[in-house]
Amino acid sequence: MMNLSKFLTVFLIGALFLTSCSDDDDDPNPANDPEVITTMTVTLINPTDANNVVTLNFLDPDGDIGSTSPTSNVEGELRTNTTYNGSIVLLNTTENPVERVNEEIEGEADEHQFFYLTSDLGITTAYTDQECDYNEEPCEGTNARPVGITFTLTTTDATGTGDLRVLLLHELDKDAEGVAGGNDTNAGGEADIDWTFENIVVQ
Amino acid sequence: MKGLTLILVFLISVRILSAQDCEQSLTGRVIDFHDGVPLEGATITFNNQMIVTDSNGNYTIDGLCALSYAFTVSHEDCNSQVFTLDIAKVSTKNFYLEHHLNELQEVKITGKDRTETSSAQEATLDQNTIEKYSSATLGDALKEIPGVSSLNTGSTIVKPIIQGLSGSRVLIMNNNVRMQDMEWGDEHAPNIDINTAGSITVVKGASALQYGGDAIGGIIIMKPNRVPAKDTLFGKTTFSAMSNGRGTATTTRIAKGYENGWYLRGQGSLKLLGDFEAPDYVLSNTGVYEKGASFAFGIHKFEYGLDAFYSFYDTEIAVLSASHIGNPDGLIAAINTGQPRIIRDFTYEISNPKQEVTHHLGTIKYYKRFEELGKWTTQYDFQHNQRFEFDIRRTEERSRRPSIDLELTTHTFTSEFEFDAKPNYSLKTGVLLRYQDNFADALETGARRLIPDYDRYEMGAFFTGEFTINESLLLDAGIRYDYTYIDAKKFYLQSRWDERGYENDFADIVIDREVTGSQLLTNPIFDYHNISSTIGVQYSFKKHYQLRANYALAQRAPNPAELFSDGLHHSAARIEIGNIRFDSEVSHKLSISLQKNNEQWGWEISPYANFIEDFIILEPTGDLTTIRGSFPVWEYRQTDAYLLGIDARMYANWSKYWQTDHNFSLVKGKENDSNVPLINMPAPNVTNKLTFLCKDWFNFQASLESRYTFRQNEFPPNIFVFSQNAGEEVELEINTPPDAYHLLNFDTSMLFKVNKKNDLNIGLTINNVLNTRYRNYLNRLRYFADELGRNILLRISINY
């Protein structure tokens with residue numbers, strides 16, 4: 001019976017431990033998904049006319065697992081035969097203060113690349129930035145590859161409406177054929193953004 | 001001088017002795033401690049005299065002197081015991097002998113097989129089979145049993161399915177401790193090293209009520225080998241090397257027993273495997289690094305005993321790189337191309353996505369027997385489960401942090417009394433208290449919690465009985481009550497809260513509406529009262545036949561994933577959503593097993609029907625548009641369903657050398673109202689095995705096994721999602737099963753006696769001999785890659 005009393009002692013210690021750790025009634029810390037992108041704004045500025053600005057807005061206030069579907073719209077109209085200076089801004093407004101997601105992409109520019117894809121109205125895009133714009137290293141070798149935070153969009157003389165698909169890939173093969181030229185076919189990688197803005201008017 | 005003293009003492013003793021009155025007598029009975037039955041033919045020996053008990057166990061010894069004697073009491077079924085009595089003080093004495101000691105020692109019990117229940121469908125894997133799977137997983141080994149299949153994530157995460165049901169519906173008892181290792185997730189394998197088990201029994205259904213009332217699928221009972229109560233030291237080392245995965249697994253165990261009942265037992269395992277290979281390509285990032293150790297000590301006396309056990313399990317499992325996709329177009333592309341997106345050179349390196357899981361289990365158990373009454377057992381166990389899941393996240397820095405960090409701590413106390421003194425019935429009753437705490441470390445992950453923090457309290461009480469009506473008829477029955485109380489702290493996105501319509505029903509559980517990021521903090525407190533019961537009969541007839549019939553009612557409270565899941569699973573590119581409105585599942589299962597066993601051949605046929613009210617299923621229901629495209633949404637849903645199935649088994653010993661085994665299993669699961677098939681039901685399969693045995697030639701055995709798995713033709717409809725690439729809604733073939741497949745496996749082994757005590761067992765196994773290319777419906781990664789190609793395993797095991 002000596003063993004029984006030993007056992008009971010062990011059990012009582014266990015029970016004490018049990019009650020002591022069940023006594024945490026503190027509320028847990030809230031956590032947001034920091035990878036959430038709630039706001040994406042693509043701005044296209046006509047360098048010859050400061051009043052001709054086209055803005056593509058994407059809004060998903062509850063992030064990608066929230067039940068509300070994101071919405072997007074296009075403000076302004078593109079003109080024919082014009083090259084626009086484009087830039088993209090990504091925000092996470094669920095954080096306080098609001099997080100500028102661009103910084104994260106700039107910080108790992110060698111792992112990320114935006115693609116601006118369309119086959120409508122002869123519209124073409126081209127990169128105007130390089131990885132070296134976001135770091136201190138010299139602009140040579142792989143550090144000269146594009147990222148796509150800034151770009152140009154050129155229209156032809158065709159008018160009508162077109163779509164623009166914005167793709168952000170990470171862990172892609174930036175050296176694969178065509179990738180540096182803005183073609184995602186051989187890029188591989190994984191999509192952080194894959195969104196199509198519809199009904200962009202060119203006239 | 002010393003010699004002189006001795007002689008002096010001797011002389012004085014003789015003087016005293018001769019002065020004694022040697023007319024004393026001793027009377028009494030020799031009785032079986034266990035059930036109080038008097039033992040006829042027991043012998044009592046002392047000073048070269050021997051007395052034998054009569055038919056009532058009575059004895060009388062005359063002519064004793066008034067001093068101490070040592071009586072050795074023996075009976076053919078019992079261990080001899082020595083009692084020292086002072087005849088000056090005692091004239092009557094009943095001697096109790098330990099009649100059932102052979103059952104306790106369990107070195108090898110012959111004759112009556114000891115099953116967990118009398119009437120349910122059961123099967124047991126013995127030591128040899130377990131050893132064959134030493135380098136694999138519990139789920140792989142259990143597939144030897146008809147009716148047991150597995151839900152896989154790749155080839156190293158293997159969850160057992162019993163008669164179509166898995167996850168929380170399957171209880172796993174490890175050393176009499178119910179595993180609490182987050183069994184709720186499809187990609188969470190049991191955190192068990194198969195090498196800790198000496199035997200594994202599967203009860204197909206909820207009939208073993210002493211373990212739990214919610215085993216709608218069944219119970220897997222893993223028991224260690226016992227160390228005999230004699231002075232002994234033995235051990236065993238098994239080393240396996242395999243070609244596929246290019247790795248090794250080693251396991252060693254050692255046990256020390258003492259005559260006085262004490263024992264020590266230790267065991268350790270180490271497994272290191274690199275990338276596996278399908279017939280045509282490397283399955284990049286599929287390695288595994290697993291460590292396990294266990295240690296036990298205790299004392300086993302007939303009247304009482306104490307066991308202490310601790311085990312540690314740690315595994316790092318790589319998840320196929322190609323299975324991580326950013327959006328549904330990735331899934332569509334994977335299904336269409338039929339080849340993994342990422343194929344790299346072979347490596348042992350484990351990179352993201354991966355899982356790192358650690359499980360600690362400690363238990364202490366005490367038992368005491370009461371004469372002519374029974375055995376009382378009480379146990380405390382502690383479990384700590386830590387799970388990290390690493391994903392490929394947007395930046396490398398984020399990828400270094402786990403996406404999931406859950407810590408599950410469980411304390412359980414059980415106490416049972418088994419009344420086994422009467423020959424024609426035995427009763428068992430017991431209680432259970434359990435406390436569980438889940439902690440999701442959101443600061444570490446920097447991500448929303450997939451499973452919230454919670455405290456769970458459980459209480460249970462059961463009463464079971466087994467009645468022997470006559471030699472051929474046994475009856476068993478039981479009832480159990482379980483109370484579950486769960487107190488969680490859960491954040492909801494306001495939009496999800498509204499979409500689910502929770503505001504109407506659950507406004508009172510909101511404790512903070514002003515949480516950053518449009519979230520609500522809620523405090524769901526739910527409780528569930530569950531009753532389970534079972535009744536069954538075992539009838540043995542015509543010498544070799546046995547019929548078992550059983551009805552089991554089981555109720556299961558929804559698990560935390562079913563209630564609270566709410567998030568994106570990257571590995572499956574799916575959003576999983578739980579439902580806090582769920583009630584307990586209620587299952588009514590009828591099962592029959594008819595079997596014949598004799599030397600030449602035997603068979604078993606086991607049909608069953610399981611009717612489940614409020615069955616909880618997780619299935620794709622639609623898609624959700626996000627910035628990354630539209631993801632399939634998997635929702636938990638409750639419905640009434642039924643499962644009908646049959647397991648069959650046959651063996652034949654054609655001659656001294658040749659033997660064959662044949663297994664077949666079939667299950668059909670459908671929803672009651674719509675008759676829509678349930679998701680993830682195992683396809684019918686047939687296994688045939690031809691074995692050649694030659695005992696004279698170093699126990700040589702060689703077997704060729706054919707496993708044919710039919711295509712699952714009954715599956716729920718596919719869903720349609722919006723594809724950015726196609727620019728329109730497309731059918732996502734997320735439920736379409738792959739084709740049927742046929743596998744050949746070869747196994748051979750020989751046993752060499754090195755000397756009297758040591759032997760050496762060498763085995764060679766070739767799985768998928770023909771290097772067949774196939775995909776398995778019950779593999780969650782079937783969209784992305786083929787199953788394993790040929791695998792040659794060499795196994796060397798030394799007993800010492």
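Figure 1. Across the interface of chain A and chain B, 2 salt bridges are found, in what is a predicted model. One of the salt bridges brings together the side chains of A:Glu104 and B:Arg398, with an N to O distance of 2.2 Å. Between chain A and chain B there are also 4 residue pairs in polar contact, counted with both residues at pLDDT 80 or more. On the side of chain A that touches chain B, the elements giving two or more residues are α1 (2-21), β9 (160-170) and β10 (190-202) of chain A, and the largest share, 9 residues, comes from α1(A). Sorted by class, this side of chain A has 21 nonpolar, 14 polar and 17 charged residues.

**Figure 2. Extent of the interface between chain A and chain B.** The contact involves 52 residues of chain A and 60 residues of chain B. The size of an interface is often given as the accessible area lost when the parts come together. For chain A and chain B the area buried between them is about 5100 Å², and 57% of this area is on carbon and sulfur atoms.

Figure 3. B:Ser118 is placed in the loop between α2 (101-105) and β8 (122-125) of chain B. This serine counts as buried because its relative accessibility is 3%, where buried means under 20% relative accessible area. The side chain of B:Ser118 is joined to that of B:Glu466 by a polar contact of 2.5 Å. When neighbours within four places in sequence are left aside, B:Ser118 is in contact with B:Glu466, B:Leu474, B:Asp476, B:Gln538 and B:Arg548.

**Figure 4. Domain 1 and domain 2 of chain B.** The domain assignment of chain B gives domain 1 as residues 21-99 and domain 2 as residues 219-799, and the C-alpha centres of these two domains lie 53 Å apart. In the contact between them, 7 residues of domain 1 of chain B meet 9 residues of domain 2 of chain B. The area buried between the two domains is about 800 Å², of which 61% is given by carbon and sulfur atoms. Across this interface of domain 1 and domain 2 of chain B, 0 salt bridges are found, whereas 1 residue pair is in polar contact, with both residues at pLDDT 80 or more. By class, the side of domain 1 that touches domain 2 has 3 nonpolar, 2 polar and 2 charged residues.

Figure 5. Most residues other than glycine have a negative phi, and most peptide bonds are trans. B:Asn47, which is found in the loop between β2 (43-46) and β3 (49-52) of chain B, has a positive phi near 40°. B:Asn48, likewise found in the loop between β2 and β3 of chain B, has a positive phi of about 65° although it is not a glycine. B:Asn47 counts as exposed because its relative accessibility is 57%, and B:Asn48 is also exposed, with a relative accessible area of 86%; the cut-off for exposed is over 50%. A cis peptide bond, with omega of about -5°, joins B:Asn352 and B:Pro353, and B:Pro353 is found in the loop between α5 (328-337) and β23 (354-370) of chain B.

Technical notes
Residues numbered from 1 in each chain as written. Chains lettered and ligands numbered in written order. Predicted model: local features only at pLDDT ≥ 70, side-chain atom pairs only at ≥ 80, totals over all residues. Heavy atoms only, no water. Contact = heavy atoms within 4.5 Å. Buried area = accessible area lost by both parts, 1.4 Å probe. Salt bridge = Lys/Arg side-chain N within 4 Å of Asp/Glu carboxyl O. Polar contact = N/O pair within 3.5 Å; in protein donor to acceptor, adjacent residues only side chain to side chain. Helix = DSSP H or I, 4+ residues; strand = E, 2+ residues; numbered from the N terminus. Nonpolar A, V, L, I, M, F, W, Y, C, P; charged D, E, K, R; others polar. Buried < 20%, exposed > 50% of the residue type's maximum accessible area, 1.4 Å probe, protein only. Domains from an automatic or database assignment.
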